[in-house]
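Hi,

Here is the model I promised to pass on.

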Amino acid sequence: MSVKLLGQALVKVFVGIILIGVLLFVPAGSLAYWQGWLLMGILFIPMIIAGFVMMAKCPELLKKRLNAKEEQAEQKMVVVCSGLMFVGAFVAAGLNYRFQWIPLPPIVSYIFAVVFLIGYILYAEVLKENEYLSRTVEVQENQKVIDTGLYGVVRHPMYMSTFILFLSMPLVLGSVISFIIMLVYIPIIAKRIRNEEQVLESGLEGYAEYKTRVKNKVIPFIW
């Protein structure tokens, strides 16, 4: 186990906890915002567990995901838009709690906490199935087309899992307004997929044929 890699991972998690905590609890005006604590629990506890598993079994994958940096201008814009989307959604959720604009019953938060964890399980399965998985749009050395498991159902199962995760978050937080903001993820991810498939089709042997076999990009039978 690399001490440097472990330290890098822990720093990123710590920064994430502080950042999301500030975005949620400062607008909420209270640490009693229990949906905020619920989201942070189901978000960061599995993340930490997954990080230690990757550290033990596949440190190169963890290193790749920690050090990822987009090189393409189009994808940099996607990252910026995604960041603004998250900031807006978290702040709106905190304000919704403070002012009780559109309160949702607690059962909604519990149901979508379960949905969120299902999305996490799917995400973990994608990491297991695809050793070439990267946070950036690129074709790696010796990369091959993966067409089994979830990749035999949709071409981008990672985005399928993030679709579930991101659209569950605002409902865990009990905020309809945040959910509406998070819908911006649909055009954002559509733009990213369009660019990613252009890169893969031009640089990865067999990807064009794979597209003809697996028709759906993100959601089975729909998209």
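First, some housekeeping. This is a predicted model, so I kept local features to pLDDT of at least 70 and counted side-chain atom pairs only at pLDDT 80 or more, while totals for chains, interfaces and linings use all residues. Residues are numbered from 1 along each chain as its sequence is written, and side-chain values use heavy atoms, with hydrogens and water left out.

**Salt bridges**

The structure holds four salt bridges (a side-chain nitrogen of Lys or Arg within 4 Å of a carboxyl oxygen of Asp or Glu). One of them joins D147 and R213, with 2.9 Å from N to O. D147 sits in the loop between helix 5 (106-129) and helix 6 (157-172), whereas R213 belongs to helix 9 (residues 207-213), so this pair ties together parts that are 66 residues apart in sequence. Helices here are DSSP runs of H or I with at least four residues, numbered from the N terminus. D147 is partly exposed at 35% relative accessible area, and R213 is partly exposed too, at 49%. For these labels, buried means under 20% relative accessible area, exposed means over 50%, and partly exposed is in between (1.4 Å probe, protein chains only).

What does K211 pair with? K211 forms a salt bridge with E201, where the closest N and O atoms are 3.0 Å apart. That pair links K211 in helix 9 to E201 in helix 8, ten residues away. K211 also forms a salt bridge with E197, at 3.7 Å between the closest N and O atoms. Here the link runs from helix 9 to E197 in helix 8 (residues 185-203), 14 residues apart.

The burial of these residues may interest you: E197 is buried at 5% relative accessibility, while K211 is partly exposed at 23% and E201 is partly exposed at 40%. Together with R155, the residues E197, E201 and K211 are linked in a network of salt bridges.

**A nonpolar patch**

V11, F14, V15, I17, I18, V22 and V26 make a nonpolar surface patch of about 620 Å². Such a patch takes residues with over 30% relative accessible area and no salt bridge, joining nonpolar side chains (Val, Leu, Ile, Met, Phe, Trp, Tyr) within 5 Å; accessible areas come from the Shrake-Rupley method with a 1.4 Å probe. Of its members, V26 lies in helix 1 (residues 3-28) and is exposed, at 55% relative accessibility.

Best wishes

Methods: Helices (H or I, at least four residues) and strands (E, at least two) are DSSP runs, numbered from the N terminus. Patches are made of residues with over 30% relative accessible area and no salt bridge: like charges are joined within 9 Å, nonpolar side chains (Val, Leu, Ile, Met, Phe, Trp, Tyr) within 5 Å.
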